[in-house]
Amino acid sequence: MAYLIPEASKSSKLPVKNFIKNGKWNTDKLKTILSNHIAEHINTIGIGNSNLKDQVFWDLTNYGKYSNKTAWNLVRFRNTKQPLINKVWHNSIPFKMSFLAWRIWKRKVPFEDVILKFGKHLDSKCYCCTVARDQTIDHVFSQGTITSKVWNLFVSPLGIKHSHLSVRHVINFWYGNQKKFRIYKLENLVGRSLQMAIHNTFQKYNLILPWKDICQDMYKLNPVIKTQVVCWQKPDTGSTKLNTDGSFNNNNGKAGLGGALRYDNGDLIMAFSIKAHCNNHNIAEAKAAWYGINWCLQNGYNNFTIESDSTVITDMLKNKKASNFRLNKIIQDTTELLRQATVKHTYC
Ligand SMILES: [Zn+2]
């Protein structure tokens, strides 16, 4: 009402029952303060028990109580739904691929045509065509020579010829013509490629078309895990043995260094586990060895065997030089330390 009659007094304490006469709306009275069409509309609302006090009823919920959600839905501005682009979000599609598809659709990728809107001219030329063209979104993802070949590779088996349209047009075309697709042809093509790829890894296993059987059989294929038991061998009587190991996570550079020093009967002298940051797996192994050796010397253990599961590191310590320049410093430091001790290197 406040929207409809903004000039009306908001502090009016007039009860609704003043506008009800003999169990019916007093339309004439309503019309004295409201416009005709509102009065007519009120006329259509059921009155209920006219003896009860006025109470606020939030029309947007079934139970009459106010909720932020319904209020938000009332005032929000909704974009028209784009069912097509919403289909890129799917559990089976890696997030970054969905996100890229969404960005291309929304034209939020920094190509020539997008940057131009901000008043900057990139003057970028593509490398995919014999005659270089401007690197626009549509060129790179639909119209370029190589892109067209890739599209055709997939759409030809479906009975479609890729045309040099904008990306949005191409996607719309795909979506709108699904019923015409010869999907069995594409399944056949993918099926045969899979057959070949699987056969290379699992020679004994014969995947057989149709597609559904291949999918079921694929789930049953597990990689064969080979294991080998490694035993700890006692060092020479009267000496000690240092075992070290380094692990490294390629994704974030985090590494773990660990090791243990034992007497010749296997009793533990010390063990360590340290967090570190490394450039690669070999550096983690080398740092673990350096830390262990340094501890031994500092604590008076000068006669020990060092054992590592890294051939690269044991070889480097034996030859006293590193072929890898990143490793050179740490190998030099370690061999320097080893001069102070009687050391045997073994590989487990
Ligand atoms: Zn091109």
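Let's start with contacts. Take those in the protein chain with a separation of 6 or more: 51% of them join residues 24 or more positions apart. Keep in mind that this is a predicted model.

Now, the overall dimensions. Along the principal axes, the C-alpha atoms of the protein chain fill a box of roughly 115 × 60 × 50 Å. What is the radius of gyration of the protein chain? The value is 38 Å. A compact globule of 348 residues would come in near 20 Å.

Next, burial. Of the 348 residues in the protein chain, 18% are buried. Here that word has a cut-off: a residue is buried if 20 or more other C-beta atoms lie within 10 Å of its own.

On to the domains. The protein chain is divided into domain 1, at 16-75, and domain 2, at 84-179. Then come domain 3, at 187-220, and domain 4, at 240-347. How many Å separate the centres of domain 1 and domain 4? Over C-alpha atoms, the answer is 83 Å.

Secondary structure, quickly. The protein chain has 14 helices and 7 strands. Let's pick out two of the strands. Strand β3 covers residues 240-248. Strand β6 covers residues 303-308. In which sense do β3 and β6 pair? They pair in the parallel sense, over 5 bridges. Look at Thr244: opposite this residue stands Ser308 in β6.

Last point: is strand β6 mostly covered or mostly uncovered? Mostly covered: 5 of its 6 residues are buried.

Key
Residues are numbered from 1 along each chain as its sequence is written. This is a predicted model: local features need pLDDT of at least 70, side-chain atom pairs count only at pLDDT 80 or more; totals for chains, interfaces and linings use all residues. A residue is buried if 20 or more other C-beta atoms lie within 10 Å of its own, exposed if 12 or fewer, and partly exposed in between; C-beta atoms are placed from the backbone. Helices (H or I, at least four residues) and strands (E, at least two) are DSSP runs, numbered from the N terminus. Two strands pair if DSSP finds at least two bridges between them. Domain bounds come from an automatic or database domain assignment. The radius of gyration is taken over C-alpha atoms; the globule rule is 2.2 Å times the number of residues to the power 0.38. Two residues are in contact if their C-beta atoms, placed from the backbone, lie within 7 Å.
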